[in-house]
Amino acid sequence: MVRDILIWPDPVLKQKARPVAKVDDSLRALVKDMFETMYAAEGVGLAAPQVGVLQRVIVLDTTPSQPELKPIAMINPEIIATEGETTYTEGCLSIPGESEDVDRAAIVTVKFLDVDGQEQTLRCEGLLAIAVQHEADHLDGTVFVDHVSTLKRELIRGRMKRLKSSRERERQSSASASR
């Protein structure tokens, strides 16, 4: 099921997600929904808070630019090592149409549980390293615009508020038309 993606500055996106206590069928259903939502929005990563669920779950699929990799879900991800530095122009499904340069580690090692509840460790490079850091930020209530200048952030905030208002007006007019 494709879920609605929250648009920044929605207050849920500023909250810290809770660790997952148990990997079960309801969590696997959430992961499936998150993949469907991410693909429908043409993204490479999605964190549970972006669909209004404050749990430490992310899904990633960088195969368009890294075909040797597979889509992956990470439960309770924890970055345990970083190497080097890089700057990448990032976008976000919760901040549609916007992108800015963000400084990140070039390589990250992440420990997490898979959808079977098994602990995994993965060394990530390239886009996957960027995406892991970007989505892990979401779990701590941080969005990529928190890494840019105040001026850029406030300009983007204004555009997102206008986008949310426009979407709300569209929803209301289509609801009125269907009555």
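**Figure 1. The lining of the largest pocket, by residue class.** In this predicted model, the lining holds 7 nonpolar residues, 1 polar residue and 7 charged residues. Here Ala, Val, Leu, Ile, Met, Phe, Trp, Tyr, Cys and Pro count as nonpolar, Asp, Glu, Lys and Arg as charged, and the others, Gly among them, as polar. The pocket holds about 360 Å³ of space. Of its 15 lining residues, Asp4, Ile5, Ile7, Arg167 and Arg171 are the closest to the centre. Which element gives the largest share of this lining? Helix H3 (residues 150-177) does, with 5 residues.

*Terms.* A pocket is found on a 1 Å grid over the protein atoms alone: it is an open set of points where a 1.4 Å probe fits, with protein on both sides within 12 Å along at least five of seven lines, and lining residues have an atom within 4 Å of a point. Points are joined across faces, edges and corners, and the volume is the space filled by probe spheres set on them. Helices (H or I, at least four residues) and strands (E, at least two) are DSSP runs, numbered from the N terminus.

*Source.* Residues are numbered from 1 along each chain as its sequence is written, and side-chain values use heavy atoms, without hydrogens or water. Because the model is predicted, local features need pLDDT of at least 70 and side-chain atom pairs count only at pLDDT 80 or more, while totals for chains, interfaces and linings use all residues.

Figure 2. Two elements give two or more residues to the lining: strand S4 (86-92) and helix H2 (126-139). The largest share, 6 residues, comes from H2. By class, the lining divides into 7 nonpolar, 7 polar and 3 charged residues.

Figure 3. A disulfide is a covalent bond between the sulfur atoms of two cysteines. The cut-off is a pair of cysteine sulfur atoms within 2.5 Å. How many disulfides does this rule give? The count is 0. For Cys92, the nearest cysteine sulfur belongs to Cys124, 18 Å away. Cys124 is likewise in no disulfide, with the sulfur of Cys92 as its nearest, 18 Å away. Are these cysteines buried or exposed? Cys92 is buried, at a relative accessible area of 10%. Cys124 is buried too, at 0%. Buried means under 20% relative accessible area, exposed over 50%, and partly exposed in between (1.4 Å probe, protein chains only).

**Figure 4. An open sheet of 5 strands.** Strands of a sheet pair through backbone hydrogen bonds, either parallel or antiparallel. Two strands pair if DSSP finds at least two bridges between them. In this sheet the order is S1-S2-S3-S6-S7, and the pairing is antiparallel. Which strands form the edges? They are S1 (45-47) and S7 (119-125), each of which pairs on one side only. On average, neighbouring strands are turned by 40° against each other, direction ignored. The axes behind this angle are lines fitted to C-alpha atoms.

Figure 5. S3 (residues 72-83) pairs with S2 (residues 57-60) in the antiparallel sense over 4 bridges. In this pair, Ile58 has Met74 as its bridge partner, and Leu60 stands opposite Ile72. S3 also pairs with S6 (residues 107-113), again antiparallel, through 6 bridges. There, Ile79 stands opposite Val110.

**Figure 6. The S4-S5 hairpin.** S4 and S5 form a hairpin with 2 residues between them. They run antiparallel, and 6 bridges join S4 to S5 (residues 95-104). Thr86 stands opposite Arg104 in S5.

Figure 7. Most residues other than glycine have a negative phi, and most peptide bonds are trans. Trp8 and Pro9, however, are joined by a cis peptide bond, with omega about 10°. Pro9 lies in the segment before helix H1 (25-40). Where is Glu42? Glu42 sits in the loop between H1 and S1. Its phi is positive, near 60°. Glu42 counts as exposed because its relative accessibility is 74%. Asn76 also has a positive phi, about 55°. Asn76 is found in strand S3.

Conventions
Axes fitted to C-alpha atoms, helices over the stretch in contact; angles between N-to-C directions.
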